[in-house]
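Okay, thanks for making time, everyone.

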Amino acid sequence: MKGKLIVFEGVEGAGKTTQMQRLIHLLQASCFLKVRLMATREPGGTELGRRLRHLLLKQDPGEFVSDRAELFMYAADRAQHVETCLKPELFKGTIVLCDRFTDSTIAYQGYGRGIDLNLIKQLNDIATGGLQSDLTLWLDINVEAGLARVRSRGGCDRIEQADLKFHQRVQQGFAGLAGENKSRIVRIDGDRTEDEVAREIQAIVTRKLEDWGYSNNTNSEK
Ligand code: Z5A
């Protein structure tokens, strides 16, 4: 595939959305890329995915969603996203920035909910057809600080409402994944100002783009 898949991962409130938007603006403004750029997310990167996202995250205290049903809904969202969006864009040569991907399922449904990790890995393989990120930026933030950021926005979704221990297990999941996948996952200290985090991401992505053969005419972000 000619394009590249760059994924942002981390617990709630880590700053993924903020940093992804900053990176896309930076790349658009630079002469780095004459290629197409696209931003997307999971769940919800397709029309079907938007409906699944609503089912997954809406607050409905009266409705019980089993852990396996939740797992399969994330897998369905991913299968649709990979087939109808990610693979076609990557074949066209697009650089795709994606808010969450397969590691979130291992962290949330595996470490968080306690579903067998091998089952999740198999399901990830089926949903992605073997597609992996070229680079994953893991924004590592103190779990309570991340939840405080999200709660200060008001209105928590179904998963944000889970107890602190759940979110701590998720965090351990991301740490474990980063340890096992050093060439793919880069840890970024997310407990800093937006500008500090953005500068580190810019440096990492710039280096990667050079390694991948894109020419560098980027000016540093002021
Ligand atoms: N999930 C799953 O369980 N399994 C899966 O396979 C997948 C997902 C793919 C997706 O919801 C949910 O689905 C998610 C995991 C689960 N769990 N929940 N809930 P989402 O996409 O809506 O949630 P999210 O990805 O966690 O987004 P988020 O909560 O908005 O966090 P974020 O994108 O990392 O943060 P942000 O929106 O950029 O920033 C949050 C706030 O902090 C905001 O007010 C910012 O202005 C502020 N912020 C950002 N950076 C900073 C810094 N550096 N300092 C201070 N304040 C900051």
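Predicted model: local features only at pLDDT ≥ 70, side-chain atom pairs only at ≥ 80, totals over all residues.

As for the helix itself, H1 runs over residues 16–29, 14 residues in total, and spans 20 Å from first C-alpha to last, close to the 20 Å expected at 1.5 Å a residue.

Now, Lys 16 takes us to the ligand. There are 27 residues around the ligand, and the ones that come nearest are Glu 12, Lys 16, Thr 17, Thr 18 and Arg 53. The side chain of Lys 16 has an N or O atom 2.6 Å from an oxygen atom of the ligand. For Arg 53, a side-chain N or O atom is 2.7 Å from a ligand oxygen. Then there's Arg 153, with a polar side-chain atom 3.0 Å from an oxygen atom of the ligand. How much of the ligand does the protein cover? It's 85% of the 1100 Å² of accessible area that the ligand has on its own.

Next up, Arg 100. You'll find Arg 100 in the loop between E3 and helix H4 (102–112). Is Arg 100 buried or exposed? Its relative accessible area is 13%, under the 20% cut-off, so Arg 100 counts as buried. What does its side chain reach? The side chain of Arg 100 gets to the backbone oxygen of Gly 10 at 3.0 Å, and a polar contact of 2.9 Å links it to the side chain of Ser 104.

Phe 174 is our way into helix H7, where it is one of the buried residues. H7 covers residues 164–180, so that's 17 residues, and reaches 25 Å from first C-alpha to last, close to the 24 Å expected at 1.5 Å a residue. Buried in H7 are Phe 166, His 167, Val 170, Gln 171, Gly 173, Phe 174, Leu 177 and Ala 178. They take up an arc of only 150 degrees around the axis, which puts them on the same side of H7. The face turned away from that buried side carries Lys 165, Gln 172 and Glu 180, all exposed. What covers the buried residues of H7 includes E1, H4, E4, helix H6 (143–153) and strand E5 (185–189).

Last stop, Arg 184, in the loop between H7 and E5. Arg 184 counts as buried because its relative accessibility is 13%. Its side chain makes a polar contact of 2.9 Å with the side chain of Asp 103. Not counting residues up to four places away in sequence, Arg 184 touches Asp 103, Gln 132, Ser 133, Leu 135 and Thr 136.

That's my tour, thanks.

Terms used: Residues numbered from 1 in each chain as written. Heavy atoms only, no water. Helix = DSSP H or I, 4+ residues; strand = E, 2+ residues; numbered from the N terminus. Expected span 1.5 Å × (residues − 1). Near = heavy atom within 4 Å. Polar contact = N/O pair within 3.5 Å; in protein donor to acceptor, adjacent residues only side chain to side chain. Areas by Shrake-Rupley, 256 points an atom, 1.4 Å probe, with all protein chains shown as cover. Buried < 20%, exposed > 50% of the residue type's maximum accessible area, 1.4 Å probe, protein only. Arc of directions from axis to C-beta. Contact = heavy atoms within 4.5 Å.
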